[in-house]
Amino acid sequence: MLWGVAYAAGGRTWEDDLTTDSRLERITDEDVPAGAPEAGEAGERPRRRRAAARAVTGAAFLLVLVALVAPAEFARLAPGAFVRVPIEGVAGVALILVLPARARRYAAGAAGAVLGLLLVLKVLDIGFDAVLVRPFDLVLDWPLLGPAVEFVKESSGQAGAIAAAVLAVVLAVGAVVLTALSTLRLSGVAVRHRRSASWAAGVLGTVWLACAALGAQFVHGVPVASRSAAVLAYDHARQVRTSLNDREEFARAAAVDRFRGTPSGKLLTGLRGKDVVLAFVESYGRSAVESPQYAPQVGAVLDEGTRRLGRAGFSARSGWLTSSTAGGGSWLAHATLLSGLWVNNQQRYRALVNSDRLTLNGAFHRADSRTVALMPAITRAWPEASFYGYDKVYDDRNLGYRGPRFSFATMPDQYTLSTLQRTELAKDDRAPVMAETALVSSHAPWASVPRLVPWEQVGDGSVFDGMGKGYDAPWPAPGRIRAEYRASIEYTLNTLVSYLETYGDKDTVLVFLGDHQPAPLITGPGASRDVPITIVAKDGAVLDRISGWGWQDGLRPGRETPVWPMSAFRDRFLTAFGG
């Protein structure tokens, strides 16, 4: 057997065992140090070695099995998903049995290293699927690891971010090394027990064919007849080719811009003299409006908000947009809406912000509006601001906030909107303002949600002292995270309604929308990428301009309201409000 057999021959005791490179090692009594115990005590040592050998071989088998059969989708991780027959493993055993010794060791080690790399890639796929609802892109997604570390830092502190980064590197290297050693050990087992291994490979191959023909599954979407390692390698290889061609594809799309040469006098004539506030609401997706676990409460806030705004003289219409991202990557959604191009990866984003593409902000600037941005999540230099064409950027460094932090959110949304009013819209004798803002109180991890206070008390934000939990509770308690997510969405929606009630007038136009859906942890599996969008105005002529869009009256879009790609909004908006 693998773990060795003790023999007694001519008074000499010996044991066969495997080294890590699959060579047989014979242990004899000549290897026992002088003065070592004899008889019963000496016999205990080989038994311990055999037990250890069994344990190591079992661990090697489990590691290789997990690498071969683990699903790459977060939603399909379940115990039954590991009860599978990997055809790659069956073929590997057959190959090992026919190769000569030296070639066998090289083949086993190389296959193990490749399998380890695939295991690391599979873990990345699972992580990206859990957060961004898509697999990892080997070409385009490396820049996103930086924001991931930044998120951990902002949510759990510098020490937590460093520890997470170091642990990730150690685990990745360890997975490759241990998988290579495991395949070497298992190849030695197969050679020592050639007959049993041949029989097992034949039986498992037959079982695989039968399960493949019958479509057997213990977990939905995870067939017992597994070829997931081969499929994973093929899919990512194909994705690499697609990603390498993505730059040229995006360049062709960006070359088409029907508003590039539009005279300034014909841009946004329907909004001349208006103050337009464009607010992205973090993680405000279709699930918040329609999912049974959120819809009753969030829907009530939207319906009551419609009534409150109606009493204040405002009207609203709402529709749906399909975001270019999900779970995270808010800046990709912002760029998509503002540029009219589908920006779904960092390469496209970098190409866009280094171009001269006309954005909504730029169009307002050309139409003689003062363009400003309020970005409370920006904590350092932001070179992209020059591309968007803002006259002024307010971020964490100059917003003047003196209150507590709310987990990831540097400040409450109410403070951000209060600053907009105080520093820009309350001024006399000024140009119309187009303000873009990212409202981040509903950003993951939803560990602390602020409360609305009277607007005249907002001040420098110290009124919020005692509400924020800071880093003491980086994530809500288990079972509470969805309730806290819902509460954060309700807070931001109520803040927007209250802002319009308090400061809105006949020249105020508010456009607010979700940037993307939250992660599957919040939405559940299979959620769409749709987000709500709403336009609110007191001047009826503004909403008359979009009467042909088929949007729903009020703050809540209907189930049958048309859905557009987020990239379509710029052109539709400029067309509706153009001269």
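What percentage of the 579 residues in the protein chain is buried? Buried residues, those under 20% relative accessible area with a 1.4 Å probe and protein chains only, make up 49%. This is a predicted model, in which local features need pLDDT of at least 70, side-chain atom pairs count only at pLDDT 80 or more, and totals for chains, interfaces and linings use all residues. Residues are numbered from 1 along each chain as its sequence is written, and side-chain values use heavy atoms, without hydrogens and water.

**View 1. Overall fold of the protein chain.** The chain contains 19 helices and 16 strands, assigned as DSSP runs (H or I of at least four residues; E of at least two). Its C-alpha atoms fill a box of roughly 110 × 50 × 40 Å along the principal axes.

**View 2. Helix α6 along its length.** Helix α6 spans residues 194–214. Its 21 residues reach 30 Å from first to last C-alpha, close to the 30 Å expected at 1.5 Å a residue. Just after α6, Gly215 adopts a positive phi of about 65°.

**View 3. Buried side of α6.** Ala197, Ala201, Gly205, Trp208 and Cys211 are buried in α6. They lie on the same side of the helix because they cover an arc of only 135° around the axis, taken from the directions from the helix axis to the C-beta atoms. The buried residues of α6 pack against β4 (85–86), α2 (87–98), α5 (158–192) and β7 (225–226), with contact meaning heavy atoms within 4.5 Å.

**View 4. Opposite face of α6.** Turned away from the buried side are the exposed residues (over 50% relative accessible area) Arg195, Trp199, Thr206, Leu209, Ala213 and Leu214.

Methods. Expected span 1.5 Å × (residues − 1).
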